[in-house]
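Here's a quick briefing to read alongside the coordinates. Have the viewer open and pick out the residues as you go.

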Amino acid sequence: MLEHNLKNAKILVVDDLQSNIDVLKGLLEIEGYTNIECLLDSRKVSDFVKTYDPDLILLDLMMPHMSGYEVMEKLKDDRAKSLNPNKFLPILVLTADITTEAKHKALKGGAKDFLSKPFDLIEVSYRIRNLLETQYLYQQLKSKNIALEEKVVEFLKIMDDWYK
């Protein structure tokens, strides 16, 4: 069940270089992921995320028009304005910028993980799986909490009726 859910997860790849997208998409397909979308233009990410609702974003930092940092900031603003501000959306940053400052800024800006290019495809695969497992478990926990809250409300109504 978990494996099936992970392989059907919605993954969005955002990079301004087609060659990077081809490598990542190829890796994901080889690993058996079936729901992959790609964007070359970082300015389209915010609107695309609203309709596609990805489970994971693979994001480059250094892109024209809108950097990965700006994309993360925009996504954070969008979530704050949405009906679901606490949605867990893991972002794996993949960048050629190997500086400590870039790593710290990306992680502070909302990235859940960070890898430098050129990257080890096996490591990328493991990190994708780990983030998707975390996202899946977060959603399961959220569902269980909602169900528990409903049971508590139902119980309180029963108790209230009993005391009347």
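This is a predicted model: local features need pLDDT of at least 70, side-chain atom pairs count only at pLDDT 80 or more; totals for chains, interfaces and linings use all residues.

**Strand β1 and its partners**

- β1 covers residues 10–14, and four of those five residues are buried, so the strand is largely enclosed by the rest of the structure.
- β1 and β2 (residues 35–39) run parallel and are joined by five bridges.
- β1 also runs parallel to β3 (residues 56–59), this time with four bridges between the two strands.

**Q135 in helix α6**

- Helix α6 spans residues 121–163, and Q135 is part of it.
- Is Q135 buried or exposed? Its relative accessibility is 5%, which is under the 20% cut-off, so Q135 counts as buried.
- Setting aside neighbours within four places in sequence, Q135 is in contact with D55, K87, F88 and P90.

- A pair of aromatic rings is described by the distance of the centres and the angle of the planes.
- The model has two aromatic pairs by the rule used here.
- For F88 and Y138, the ring centres are 5.1 Å apart and the planes sit at 35°, so this pair is classed as tilted. That angle falls between the 30 degrees below which planes count as stacked and the 60 above which they count as edge-to-face.
- Which parts does this pair tie together? F88 is in the loop between α4 (68–81) and β4 (91–95) while Y138 is in helix α6, so the pair links parts that are 50 residues apart in sequence.
- F88 has 16% relative accessibility and so counts as buried, whereas Y138, at 30%, counts as partly exposed.
- F88 is also one of the contacts of Q135 mentioned above.

**Lysines over tyrosine rings**

- K7 has its charged end over the ring of Y33, 4.4 Å from the ring centre.
- Where does K105 lie? K105 is over the face of Y69, at 4.3 Å from the centre of that ring.

Methods
Residues are numbered from 1 along each chain as its sequence is written. Side-chain values use heavy atoms; hydrogens and water are left out. Buried means under 20% relative accessible area, exposed over 50%, partly exposed in between (1.4 Å probe, protein chains only). Two strands pair if DSSP finds at least two bridges between them. Contact means heavy atoms within 4.5 Å. Rings of Phe, Tyr and Trp (its six-membered ring) pair if their centres lie within 6.5 Å; planes under 30 degrees apart count as stacked, over 60 as edge-to-face and the rest as tilted. A charge sits over a ring if NZ of Lys or CZ of Arg is within 6 Å of the ring centre and within 35 degrees of the ring normal.
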